[in-house]
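User: I'm new to this one. Can you walk me through it?

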Amino acid sequence: MGKLRLIFTKEGRAVYISHLDLLRTFQRVFLRQGLVLRHSQGFHPHPIISFALPLPVGQSSDCEILDFEVNEDMDGTGLPAALNRFMPEGVRAADCYIPTRPVRDLAALRCRVELVYDNGVPAEAAEKIRGLLLGESVVIQKRTKRKAMADVDIRPMLHELEIAEAPDLLTLDAVVAAQNPGLNPALLAAAVETRLPGLDPDFVRVRRLELLDGERRTFR
């Protein structure tokens, strides 16, 4: 028996697959591949499989992590290609290996938030957004685990920010805290929409680019 870590991408129409549906999808993919997952003990055994930092619906990613346990000794070699034969459109396994670090060592996310303006980027938008997000505090309304709304300062969870401008697009490349607490990159766009009237974009795209540890090295 052994534990394996799968790195996969999620994009295109697959961004609208919910966390629970994605979990069921992987269970079916493993079954079709003939991979036997280890199950928990007790009255209601279930496959030992878990996502690190489940991706919010509507966001894409280059670096999702799925940990699972199998009832055989294997190191994951060749498994991504085998699984991809059964994956739905937009989900692709990129790597699989025996993990050496626990998920608790995952400290930050490198991400990209694209603010799309149908009629062109407003004048001085980049400077104003940079001033807002890199100010002393950025307090916005955020839904808590109990589904209530509360004021939260997201500034301490934003570690790095670069802004690039195109005629109809502002690209925010950021490094944000991953957990305890973590920052959903979509809240950067939410801060712009609520704190800078007139600069709210017509559409927002969010993509995870890389998972990082506390030393800003790629987490594996």
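User: What should I know before we start?
Analyst: This is a predicted model, where local features need pLDDT of at least 70, side-chain atom pairs count only at pLDDT 80 or more, and totals for chains, interfaces and linings use all residues. Residues are numbered from 1 along each chain as its sequence is written, and side-chain values use heavy atoms, with hydrogens and water left out.

User: OK, salt bridges. How many does the count come to?
Analyst: The count is 16 salt bridges. A salt bridge here is a side-chain nitrogen of Lys or Arg within 4 Å of a carboxyl oxygen of Asp or Glu.

User: Which residue forms one with E89?
Analyst: R13 does, and the closest N and O atoms of the pair are 2.7 Å apart. This pair links distant parts of the chain, 76 residues apart: E89 is in the loop between α2 (79-84) and β4 (91-97), and R13 is in the loop between β1 (2-10) and α1 (19-33). Helices (H or I, at least four residues) and strands (E, at least two) are DSSP runs, numbered from the N terminus.

User: Is E89 buried or exposed?
Analyst: E89 counts as exposed because its relative accessibility is 53%. R13 is exposed too, at 64%. The cut-offs are under 20% relative accessible area for buried and over 50% for exposed, with partly exposed in between (1.4 Å probe, protein chains only).

User: And what does R208 pair with?
Analyst: R208 forms a salt bridge with E64, with 3.1 Å between the closest N and O atoms. R208 sits in strand β10 (residues 203-212) and E64 in strand β3, 144 residues apart.

User: Why does R208 count as buried?
Analyst: Because its relative accessible area is 6%. E64 is buried as well, at 3%.

User: What about D173?
Analyst: D173 forms a salt bridge with R112, the closest N and O atoms being 2.6 Å apart. D173 lies in strand β9 (residues 169-177) and R112 in strand β5, so the pair ties together parts 61 residues apart in sequence. D173 is partly exposed at 28%, and R112 is partly exposed at 32%.

User: Switching topic. Where is S61, and what does it touch?
Analyst: S61 is in strand β3 (residues 60-70). Not counting residues up to four places away in sequence, S61 touches T9, K10, L55, R207 and R208, where contact means heavy atoms within 4.5 Å. S61 is buried, because its relative accessibility is 0%.

User: And A189?
Analyst: A189 is in helix α4 (residues 186-195) and is buried, with a relative accessible area of 3%. Leaving aside neighbours within four places in sequence, A189 is in contact with V113, L115 and V204. A189 and E114 are 75 residues apart in sequence, and their C-alpha atoms are 8.5 Å apart in space.

User: Last one. Which residues gather in the patch of negative charge?
Analyst: D118, D168, E193, D200 and D202 gather there, on the surface. A patch is made of residues with over 30% relative accessible area and no salt bridge; like charges are joined within 9 Å, and nonpolar side chains (Val, Leu, Ile, Met, Phe, Trp, Tyr) within 5 Å. D118 lies in the loop between β5 (108-116) and α3 (125-133), and is exposed, with a relative accessible area of 59%.

Note on methods:
Accessible areas come from the Shrake-Rupley method with a 1.4 Å probe; for residues, only the protein chains shown count as cover. Lys and Arg count as positive and Asp and Glu as negative; His and the chain ends are not counted. The place of a charge is taken as NZ of Lys, CZ of Arg, CG of Asp or CD of Glu.
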